[in-house]
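Have a look at the sequence and the fold, then read on.

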Amino acid sequence: LEFATRSGITKAEFAIFTPYPGTPAWKRLVAEERIFDRTWAHYNDTTCVFVPKNFTPQSLTEGYLRLWREFYATRELTHLDTAQRTIQF
């Protein structure tokens, strides 16, 4: 958030790291027994499906949501055209 503000970034998208099945990250987290959710619909870059090393899945999710809220609470997008204002999910 601080970097985006200092850099003058007016539009951004944020994602929770998602270890997609078959990737090296998936294999590592499975080996470390850190994957706790195997509901494939949750593998969407917005849902935490693994246990982070230094905090809880809940705190990661809360930080992700806070980042979205705080980033857009201080930015005015009305100067952008409709396509530029659209955020992809």
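Let's begin with R28, which is partly exposed at a relative accessibility of 41%. "Buried" here stands for under 20% relative accessible area and "exposed" for over 50%, with "partly exposed" in between, using a 1.4 Å probe and protein chains only.

A word on the ground rules: this is a predicted model, where local features need pLDDT of at least 70, side-chain atom pairs count only at pLDDT 80 or more, and totals for chains, interfaces and linings use all residues. Residues are numbered from 1 along each chain as its sequence is written, and side-chain values use heavy atoms, with hydrogens and water left out.

Among the elements, helix α2 (residues 24-31) has the highest mean, 98, while helix α4 (residues 82-85) has the lowest, 58. Helices are DSSP runs of H or I with at least four residues, and strands are runs of E with at least two, numbered from the N terminus.

**Salt bridges**

A salt bridge means a side-chain nitrogen of Lys or Arg within 4 Å of a carboxyl oxygen of Asp or Glu, and the structure holds two of them.

| Salt bridge | Closest N and O atoms |
|---|---|
| R28 and E32 | 3.7 Å |
| R34 and E32 | 2.6 Å |

E32 is partly exposed, with a relative accessible area of 35%. Shared partners join R28, E32 and R34 into one network of salt bridges.

R34 sits in the loop between α2 and α3 and, at 13% relative accessibility, counts as buried. Which residues does R34 touch, leaving aside those up to four places away in sequence? They are R28, L29, V49, F50, V51, P52 and K53, where contact means heavy atoms within 4.5 Å.

**Around helix α2**

Now for the helix itself. A25, W26 and L29 are buried in α2. They cover an arc of only 100 degrees around the axis, so they lie on the same side of α2; that arc is taken from the directions from the helix axis to the C-beta atoms. On the face turned away from the buried side you'll find the exposed residues P24, K27 and A31. Just after α2, E33 takes a positive phi of about 55 degrees.

**Aromatic rings**

Rings of Phe, Tyr and Trp (its six-membered ring) pair up if their centres lie within 6.5 Å; planes under 30 degrees apart are stacked, over 60 edge-to-face, and the rest tilted. How many aromatic pairs does that rule give? The count comes to eight. In one of them, the rings of F17 and F50 have centres 5.6 Å apart and planes at 85 degrees, so this pair is edge-to-face. It links distant parts of the chain, 33 residues apart: F17 is in the loop between α1 (2-7) and α2, F50 in the loop between α2 and α3 (57-73). F17 is partly exposed, with a relative accessible area of 43%, whereas F50 is buried, with 7%.

F71 and Y72 also form an edge-to-face pair, at 4.7 Å centre to centre and with 75 degrees between the planes. Both F71 and Y72 are buried. Ring pairs also tie F14, W68, F71 and Y72 into a cluster.

Definitions and conventions:
pLDDT is the predictor's confidence in each residue, from 0 to 100.
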